[in-house]
Amino acid sequence: MKQLFDDVSFKCSKLVTKNYSTSFSMAVYMLSPSIRDAIYSIYGFVRFTDEIVDTFHGFDKENLITEFEDEYYKAIDRGISLNPILNSFQQTVKKYNISDDLVQAFLKSMKLDLIKSDYHSKAEYDDYIYGSADVVGLMCLKVFVAGDHKRYEQLKNEAMRLGSAFQKVNFLRDLKDDNLVLNRNYFPGVDLNSFDENAKAAIINEIEADFKVAYEGIVKLPIEAKFGVYTAFVYYKKLLKKLENTPCHEIGSARIRVSNYTKAGLLAKSFVSYKLKLV
């Protein structure tokens, strides 16, 4: 039965999520069971694409991402793919009417990572973040509102700002690997060789502004999604605070993390806030 194959496909996307990101996996688990599989499938698609450009060194990355894109569109046309990650994602795209412009914007930013290493203007920076993060937030929002176009439009800006905040925190956290391993600098006007506290403070202030707007959208989310998204929000806020308290030279030489013990505590606090209707 095809249903069995589809079930296995979504389980594969869930496995990808659990193995690549314990924090995101924890947040997805806090969503309603009715929408978890769809979010796992979105993560599986974006994670595999990101892995192609970030970690598959020694392979023809351009050819791999082109093949992955081609197989995705074949899956859309056929309604099935023998790649379980694509099989689950194409079903989510169709079920929740995720527009192709969001998928294309994401792929565009991923392909930029193959050819571009520096972002010299805010326009370039914003365009990359829109494709690499904002549209992922919009894909998830499509699932959260379950086809309610009016609600989607009302929450669209806040979802994008949350995606931006998450991505910028990732950029700051991954400063060492992006610079030394991948030879990338996403922050315009920032010289990573002379990265100082002033530059770090400016980035953090920008992220805090994104988080402030994003929170206004989180409190308006459907009950099926609110706690899960709030959990991710709290985790990233904690990571940002840890980055703020870390000397800039340490950020450039090590990857800052939030311990699993701390994550568990954040989850408990988030649950209390949610139950007390403080969110």
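## Basis of the report

The structure is a predicted model. Residues are numbered from 1 along the chain.

## Helix 1 and helix 2

Two packed helices are described by the angle between their axes and the distance between the axes. The axes of helix 1 and helix 2 (residues 22-29) cross at roughly 130° and come within 5 Å. An angle over 145° would count as roughly antiparallel, and one from 65 to 115 as roughly perpendicular; helix 1 and helix 2 are therefore oblique to each other.

On the side of helix 1, the residues in contact are Thr17, Lys18 and Tyr20, and they meet Thr22, Phe24 and Ser25 of helix 2. By class, this contact of helix 1 with helix 2 comprises 2 nonpolar, 3 polar and 1 charged residues.

## Helix 4 and helix 5

Helix 4 covers residues 61-78 and helix 5 covers residues 84-95. Their axes lie 9 Å apart, and the helices pack at an angle of about 55°. Helix 4 and helix 5 are therefore oblique to each other. The crossing of helix 4 past helix 5 is right-handed.

Which residues of helix 4 and helix 5 meet? Helix 4 contributes Phe68, Glu71, Tyr72, Ala75 and Ile76, while helix 5 contributes Leu86, Phe89, Gln90, Val93 and Lys94. The residues of this contact of helix 4 with helix 5 divide into 7 nonpolar, 1 polar and 2 charged.

## The second largest pocket

The volume of the second largest pocket is about 290 Å³. The pocket is lined by 16 residues, of which Phe10, Ser34, Asp37, Ala38 and Lys95 are the closest to its centre.

Which helices each supply at least two residues of this lining? They are helix 1 (2-20), helix 3 (33-55) and helix 5. By class, the lining of the second largest pocket has 7 charged, 5 nonpolar and 4 polar residues.

## The cavity

How many cavities of 30 Å³ or more are counted? The count comes to 1 cavity. The space in the largest cavity is about 40 Å³.

The largest cavity is lined by Phe171, Leu175, Asp178, Arg184, Asn185, Tyr186, Phe187 and Leu192. By class, the lining of the largest cavity has 5 nonpolar, 1 polar and 2 charged residues. Asp178 and Arg184 are in this lining, and both residue types, Asp and Arg, count as charged.

Note on methods:
This is a predicted model: local features need pLDDT of at least 70, side-chain atom pairs count only at pLDDT 80 or more; totals for chains, interfaces and linings use all residues. Side-chain values use heavy atoms; hydrogens and water are left out. On a 1 Å grid over the protein atoms alone, a cavity is a set of points where a 1.4 Å probe fits but cannot get out, and a pocket is an open set with protein on both sides within 12 Å along at least five of seven lines; lining residues have an atom within 4 Å of a point. Grid points are joined across faces, edges and corners, and a volume is the space filled by probe spheres set on the points. Axes are lines fitted to C-alpha atoms, for helices over the stretch in contact, and angles run from 0 to 180 degrees between N-to-C directions. Helices (H or I, at least four residues) and strands (E, at least two) are DSSP runs, numbered from the N terminus. Angles under 35 degrees count as roughly parallel, over 145 as roughly antiparallel, 65 to 115 as roughly perpendicular and the rest as oblique. A crossing is left-handed if the near helix is turned anticlockwise from the far one by less than a right angle, and right-handed if clockwise. Contact means heavy atoms within 4.5 Å.
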